[in-house]
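Student: Please pick one part of this model and take me through it closely, with the cut-offs behind each term. I would like to know what packs against what, and how the rest of the chain relates to that part.

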Amino acid sequence: MNFEIILRFSAFVLYLMIMVFIGLKHMSKNNNSSDFFLGGRKIGPWMTALSAEASDMSGWLLMGLPGVAYLTGQKEAFWTAVGLEIGTYLNWLFVAKPLRNYTALCGNAITIPQFLTNRFKDKSHVISFVSVIFILIFFTVYTASSFVSCGKLINSVFGVPYFIALLIGIAVILTYTLLGGFLAVCSTDFIQGTLMFFALIITTIIMIFTLGGPAETFTKVSTFGSQFLNPFVKDNTNFGLIDIASSLAWGLGYFGMPHILVRFMSIRSDKDIKLSRRIAMVWVTIAFMGALFIGAVAKAYLAVPLEEGKQETVVIASILQTYPAFIGGIFLCAILAAAMSTADSQLLVAASAFSEDVYRGFMNKEAEPKKVLQISRITVLIIGLVAFFLSIDPNNSIFSLVSYAWAGFGATFGPLILLSLFWRGTTKSGALSGLVAGGVTVIVWHQLKGGIFNLYELAPGFLVCLTVAIVVSLLDKEKDPEVLKEFDEFKKACK
């Protein structure tokens, strides 16, 4: 092991030790499931904003998206980022405040399935059960993408076999998630979000000046094809309206992302949401710009072009070429941070969904809080194990894994969250029908190829869920007066 590897290794060990320490620090603060899953609804605006965006972006931001930009230019990467930017803003603007208030009103719901169950007074808990099934399916896939990011990073930087690298990343993620719960996850996400932010900014600036300034940079990159800087240029590749619509459709996913929505639910006051929204939008705008720029400019910047299949390591290669060993190690931790900040959030949300909505809802309704907490931690381990098996193949595409999971959540929960918050006429039957229809549409559409089926499955899944939920609700003549009364109380309180 040479001296540079030792310095990078030291940076990683220091970073990972800090993450585990935070988990240990917050372990004693978890007295019940509300503390473990929502931090007691006392998270401040800065931590809420950075935690939401860090858990949102995952290794996809620093590996998947730049990899697409490096391979094909700005076309797909740019329009995907635009869709996500719009979705982020609309989610903070329209969903954050009412969701925070309505979940508190609906029996102090601490999970999305629990909120939907309480919102529609579903005494059978069928909505909750179906919701948990989809959460476990899609979060396992999503968590696997984060594990793949960790494995590829450690493998690329230290030359450790991918399998061993995967085990190291998973061990750290599971450790501090199991120990510290939501407070630990939010605290680490705050640090990780900050690290990701500065790594992208500083690396982008250095790359520009190394290539001779903005004008010279654009000239050099353009020699590889104008599509690398211009998202409107096709350059012998077919990128039409269906492709643009598919990329923009990513924005619809935000309305149904449980690991982001719980951040809205946990904020200490709805008065803090405006500040959180501004912080989040600044962060996400600059982060997208940096990720897109590094991916495209690396074509001209890297001394050695990336091998086929290695495109998703473009940010890793750029950082290794740019910085001294220890500093480079610190910034490489930003990629590890991106993967970890999403994996921990997803594990926690999936565990809360099972322990609160299946175990307590069906299996043991009189379960003590400490017993629910124990079941939650066991669930984290099981989901982590399944995700590990899904991530064993080093050829897995981070972008593809995230794309599928993102569509699943956006199409199943997105329309229902919007209808639950804004339409009085939504019924239990409508919600359940929409939930099933949206999830099944995504799964089936994902298997079909060619023609209209090239459209990203999130768009048809979202539309089917919304349409079915509305139609069934309109046909449902049995409106629950208790549901209507509670909705009216919620709307009155929001004025």
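Tutor: What follows starts with the model as a whole, then turns to one helix and its neighbours.

This is a predicted model, in which local features need pLDDT of at least 70 and side-chain atom pairs count only at pLDDT 80 or more, while totals for chains, interfaces and linings use all residues. Residues are numbered from 1 along each chain as its sequence is written, and side-chain values use heavy atoms, with hydrogens and water left out.

The secondary structure comes to 18 helices and 0 strands; helices are DSSP runs of H or I of at least four residues, strands are runs of E of at least two, and numbering starts at the N terminus. Of the 495 residues, 60% count as buried, where buried means under 20% relative accessible area, exposed over 50% and partly exposed in between, with a 1.4 Å probe and protein chains only. A contact means heavy atoms within 4.5 Å. Among contacts between residues at least 6 apart in sequence, 85% join residues at least 24 apart.

Two packed helices are described by the angle between their axes and the distance between the axes. Here the axes are lines fitted to C-alpha atoms over the stretch in contact, and angles run from 0 to 180 degrees between N-to-C directions.

The crossing of α6 and α15 is left-handed, a term used if the near helix is turned anticlockwise from the far one by less than a right angle, with clockwise giving right-handed. From α6 the contact draws on residues including F134, F138, Y142 and V148, and from α15 on residues including I398, V402, W406 and F409. The residues of this contact divide into 16 nonpolar, 5 polar and 1 charged. Nonpolar covers Ala, Val, Leu, Ile, Met, Phe, Trp, Tyr, Cys and Pro, charged covers Asp, Glu, Lys and Arg, and the others, Gly among them, are polar.

Another partner is α16, residues 428-447, which packs on α15 at about 160° with the axes 8 Å apart. α15 and α16 are therefore roughly antiparallel, and their crossing is right-handed. Residues of α15 in this contact include A407, A411 and L416, and they meet residues of α16 that include L435, G438, G439 and I443. By class, the contact of α15 with α16 has 9 nonpolar, 6 polar and no charged residues. Y404, G408, T412 and F413 of α15 belong to the contact with α6 and also to the contact with α16.

The nonpolar core comes next. The largest one has 143 residues, and W406 is among those with the most contacts inside it, together with W60, L61, F115, I335 and M340. α6 gives the most to this core, with 17 residues. A nonpolar core is a set of buried Ala, Val, Leu, Ile, Met, Phe, Trp, Tyr and Cys residues joined through side-chain atoms within 4.5 Å.

The axes of α4 (residues 74-105) and α9 (residues 241-248) come within 7 Å and cross at roughly 45°, so α4 and α9 are oblique to each other.

K121 lies in the loop between α5 (112-119) and α6 and has a positive phi of about 50° although it is not a glycine. H125 is found in the loop between α5 and α6, with phi near 65°. Most residues other than glycine have a negative phi. K121 counts as buried at 19% relative accessibility, whereas H125 is partly exposed at 23%.

Methods:
Angles under 35 degrees count as roughly parallel, over 145 as roughly antiparallel, 65 to 115 as roughly perpendicular and the rest as oblique.
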